[in-house]
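Biologist: I am new to this structure. Can you show me how to read it, feature by feature?

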Amino acid sequence: MKVYLIKPLQSNFAVASPFSTITTEAGIYPPLGLLQLATGEKIRGCHAVSVIDMVAEGLSLAALQSILERERPAVAGVTLHTDNLGDGCQVIALIKSVSPDIAVLAGGPHVAMYPKETMGISGVDYAVCGEADGVLGEMLDRLAAGKPLEDIPGVVTRANLHLPIVKLEIEDLDGLAIPDYSLLPYKKYSSILTRNNPIAIIMASRGCPFKCAYCPAGGTKLRRRSPKLVADEVEKCLSLGIKDILFFDEIFALDHARVKELCALFVDRGLKFRWNIRTRVGDITPEIVSVLKNAGCNLIQFGIESGTQRIQKLMNKNLDLDDVYKRIQWVRQAGILTYGNFMLGSPTETDEEINATVSFAIRLKLDFAVFGITVLLPKTEYYSRALRENKIPRDFWGDYIANPLVQIPNAYWPDFDKKYLEKKCKEAFSRFYLRPWYVFNYMTRIARMSNIAAHIKPAMNVFKNFFSDGAITK
Ligand code: B12
Ligand code: SF4
């Protein structure tokens, strides 16, 4: 059976980004979930499964239509993200317009959060709630045999819509196939954060047990892959000519013994590549940074978010700022680039507190800082609080999901004026990046540690547009 798994374009966002160039210049990232599923199916060898990444291929809806008309797949799966659900819905409508007989499967992070609502999207035949690796094969076999699907756990159909839905989580990640990047247009993937293209994303673990008030990702079970299989995956990527790897685990360095084992494997196998990780600041010790550096880790991304203790507590992030300072300096001293994410506009945050966050980012001497306006994301404590306290009159995510081509006019904490937050955000970037220290540091430290040529064009585009009047999308 011919099956297409499709990653839609990213052109219709729920919330207009005031700084659109940052999004467009950030890079093109591989759809790892679809790749994981397609690799598993390739190994089973029962169906012809291909991935279409509309973003990487720059495929318009019209171009996708031609492919579907020519190829006539029996099944099309679409990955859905809440923040650009409209793009996914357009793809689903297009598939059904090509042929109502193509069975449409919906999956992805949006479906994991809103499984029942997904079945309300016109054209969706089946939705999979959560990690589909363990059920996709069975679904395809049954579709090929014309059998019903409603008794497969995690699969939502019109027949079982009234029943409780199981959210699928793969317990044993080592049972999954190593993603085969040759199934993707892998040469097209890039990131502003890496030195050389193409890049790959690897998840060495899935899940995050923490529960930050603004984040929909937390509170999930942390599952780890064996270091040997992760090293095998790296080796496989490098053999394809992939140069840099981004580990997108939420908390890569939580388990030090495992990090040491993994790094030792990279070194022992002579795997020379540059890689980035994301982790919590509290995971950093002098020993672990030296292990990471020795194995080629080039940059660590931290979610620091606020420079005041009060907002740290409110976010349920609870980082101790002195401790953050100390640990970030350990990373710098080890010669690893530091990248901090910050959020402006938490509930009840004052102007002074916003300014203090920017000052803190500066004091940390980070190599990169990104300041975002706090969006009240669905299924987060911040959003529940806004609803609970009647700060917002309606469940605007509910409205958006029902009509995803209409943007949410204001998804920020409603006590703030939108223009004020945009101004503060722009100010934050100016304060951080337009300092003599930063410019000097950028030209020396970063140029020495990374291929500046790879960064200069996107960075310039970001800066040019950002600091011009056109930076803020009205
Ligand atoms: C890499 C990543 C990014 C990258 C690239 C994303 C991209 N656009 O391609 C970057 C850094 C750019 C990014 C940005 C953002 N991201 Co992001 N990101 C991730 C991250 C860390 C990993 C994704 C991944 O590879 N996962 C691993 C694979 C194996 O899992 P998966 O993709 O979910 O796929 C599995 C299932 O969902 C399912 N499945 C997936 N697709 C399909 C399709 C079918 C047909 C079926 C049956 C099943 C199925 O099976 C897969 C295999 O198990 C996830 C968190 C996470 N741990 O997943 C967040 C995540 C996807 N991001 C999220 C968010 C909110 C964002 C931002 C909006 C953040 C922000 N506030 O700016 C931006 C959006 C910008 C944009 N639209 O691109 C949310 C999405 C929530 C939602 N409801 O949609 C996530 C889930 C994190 C979270 N929970 O908060 N992100
Ligand atoms: S922000 Fe990071 S640490 Fe906090 S819950 Fe989300 S993924 Fe976990």
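The dialogue below goes from the overall fold to the ligands and a sheet.

Modeller: Start with the source. This is a predicted model, where local features need pLDDT of at least 70, side-chain atom pairs count only at pLDDT 80 or more, and totals for chains, interfaces and linings use all residues. Residues are numbered from 1 along each chain as its sequence is written, while chains are lettered from A and ligands numbered from 1 in the order in which they are written.

Biologist: How many helices and strands does the protein have?

Modeller: Helices (H or I, at least four residues) and strands (E, at least two) are DSSP runs, numbered from the N terminus. Here there are 19 helices and 16 strands.

Biologist: What radius of gyration does the protein have?

Modeller: The radius is taken over C-alpha atoms, and the globule rule is 2.2 Å times the number of residues to the power 0.38. For 474 residues, a compact globule would have a value near 23 Å; the protein has 22 Å, which agrees. The C-alpha trace spans about 65 × 60 × 40 Å along its principal axes.

Biologist: Into which domains is the protein divided?

Modeller: Domain bounds come from an automatic or database domain assignment. Domain 1 covers 2–156, and domain 2 covers 189–374 + 412–471. Their centres, taken over C-alpha atoms, are 29 Å apart.

Biologist: Where does ligand 1 lie?

Modeller: Look at its shell: a residue is near a molecule if its C-beta atom, placed from the backbone, lies within 6 Å of it. Both domains give residues to the shell around ligand 1, so this ligand lies between them. The shell has 37 residues; the closest are Gly-33, Gly-77, Thr-79, Gly-107 and Ala-217. Helix α2 supplies the largest share, 5 residues.

Biologist: In what order do the 6 strands of the open sheet run?

Modeller: Strands of a sheet pair through backbone hydrogen bonds, either parallel or antiparallel. Two strands count as paired if DSSP finds at least two bridges between them. The order here is β3-β1-β4-β5-β6-β7, with mixed pairing. β3 (48–53) and β7 (155–156) stand at the edges, each with a single partner strand, so one side of each is left without a neighbour in the sheet.

Biologist: How many bridges join β6 to β7?

Modeller: There are 2, and these strands run antiparallel. Ala-127 stands opposite Val-156 in β7.
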